[in-house]
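This briefing goes through selected features of one protein chain. The sequence and the structure come first, and the notes follow by topic.

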Amino acid sequence: MPKNHKKKKLDIIYEDKELIVVCKPSKQLCISTIKDHEHTLYNEVSSYVKKQNPKNKIFIVHRLDKDTSGIVLFAKNEKMKRKLQENWDKLAITREYVAVVDGNMPLKKDTLKNYLKESKTLQVYVTSDKKNGKLAITNYEVIKFSKVYSMLKININTGRKNQIRVQLANINHPIVGDKKYKSRNNPLGRLALHANKLEIINPITKKNMMFESKVPAAFDKMFE
């Protein structure tokens with residue numbers, strides 16, 4: 001197990017009989033891939049619920065990129081997982097992020113609509129090919145800015161892979177620390193993207209549930 005995950009306690013935002021919501025640190029995978037078998041958030045949450053009862057299980061509902069920190073929701077049974085995943089875009093009514101990007105944004109508020117496609121090297125890019133691309137919709141608003149950086153409040157209508165990162169890089173304002181999508185600055189030693197709010201409609205109780213996670217203090221320090 002990597003040292004950086006040994007001492008860190010699981011950051012639980014909310015838990016009940018059917019759901020567990022946690023804050024994922026940057027640089028941790030949600031679930032393992034064929035190539036990566038490192039200590040994942042899934043492993044961590046799974047071992048936490050199994051301590052309560054060895055028969056307990058968890059099911060991942062949605063994911064964040066490895067380099068993005070913030071809110072991840074897990075279901076504790078297959079029925080809840082299925083109900084959430086089948087209607088995720090309708091049930092997840094607020095998916096809010098905070099990001100710090102390179103440069104000063106000319107438009108202080110905008111909606112980005114692009115079709116995204118993934119290359120064979122797993123790089124996502126904007127395409128004009130509507131038939132083969134997937135529509136991505138990202139809304140942003142500038143909440144702080146300096147000569148060097150802008151801090152954005154972001155809400156997404158779609159959940160495409162690397163969506164926020166690709167669309168901001170496409171308008172020449174990549175997220176700070178995002179080498180993959182051509183950011184030249186990395187003062188934090190991490191990607192400056194955090195999922196800070198998630199509001200869902202519980203598919204069983206039909207009640208609205210809002211989960212929040214504090215934006216890393218390091219983001220604000222960039223504007224001092």
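A search of the whole structure, which is a predicted model, finds 1 aromatic pair. Its members are Tyr-14 and Phe-211, in a tilted arrangement with 5.3 Å from centre to centre and 45° between the planes.

**Aromatic pair**

- The pair links distant parts of the chain, since Tyr-14 and Phe-211 are 197 residues apart.
- Tyr-14 belongs to strand 1 (residues 11-15), and Phe-211 belongs to strand 11 (residues 208-212).
- Tyr-14 has a relative accessibility of 27%, so this residue counts as partly exposed, the range for that class lying between 20% and 50%.
- Phe-211 has a relative accessible area of 3% and is therefore buried, the cut-off being under 20%.

**Helix 5**

- Helix 5 is largely enclosed by the rest of the structure, because 6 of its 8 residues are buried.
- The buried residues of helix 5 are Gln-163, Ile-164, Arg-165, Val-166, Gln-167 and Leu-168.
- These buried residues pack against strand 5, strand 6 (109-118), strand 7 (124-127), strand 8 (134-145), strand 9 (149-156) and strand 10.
- Just after helix 5, Asn-172 has a positive phi of about 65°.

**Asp-178**

- Asp-178 sits in the loop between helix 5 and strand 10.
- With a relative accessible area of 1%, Asp-178 is buried.
- The side chain of Asp-178 makes a polar contact of 2.8 Å with the side chain of Arg-165, one of the buried residues of helix 5.
- Apart from neighbours within four places in sequence, Asp-178 is in contact with Arg-165, Ser-183 and Leu-191.

**Largest pocket**

- The volume of the largest pocket is about 1,200 Å³.
- Its lining consists of 38 residues, and Arg-63, Leu-64, Asp-65, Lys-161 and Asn-162 lie nearest the centre.
- At least two lining residues come from each of helix 4 (88-91), strand 5 (92-102), helix 5 (163-170) and strand 10 (193-201).
- Strand 10 gives the largest share of the lining, 4 residues.
- Sorted by class, the lining has 16 nonpolar, 14 charged and 8 polar residues.

Notes. Residues are numbered from 1 along each chain as its sequence is written. This is a predicted model: local features need pLDDT of at least 70, side-chain atom pairs count only at pLDDT 80 or more; totals for chains, interfaces and linings use all residues. Side-chain values use heavy atoms; hydrogens and water are left out. On a 1 Å grid over the protein atoms alone, a cavity is a set of points where a 1.4 Å probe fits but cannot get out, and a pocket is an open set with protein on both sides within 12 Å along at least five of seven lines; lining residues have an atom within 4 Å of a point. Grid points are joined across faces, edges and corners, and a volume is the space filled by probe spheres set on the points. Ala, Val, Leu, Ile, Met, Phe, Trp, Tyr, Cys and Pro count as nonpolar, Asp, Glu, Lys and Arg as charged, and the others, Gly among them, as polar. Buried means under 20% relative accessible area, exposed over 50%, partly exposed in between (1.4 Å probe, protein chains only). A polar contact is a pair of N or O atoms within 3.5 Å; within protein, one must be able to donate a hydrogen and the other to accept it, and residues adjacent in sequence count only if both atoms are side-chain atoms. Contact means heavy atoms within 4.5 Å. Rings of Phe, Tyr and Trp (its six-membered ring) pair if their centres lie within 6.5 Å; planes under 30 degrees apart count as stacked, over 60 as edge-to-face and the rest as tilted.
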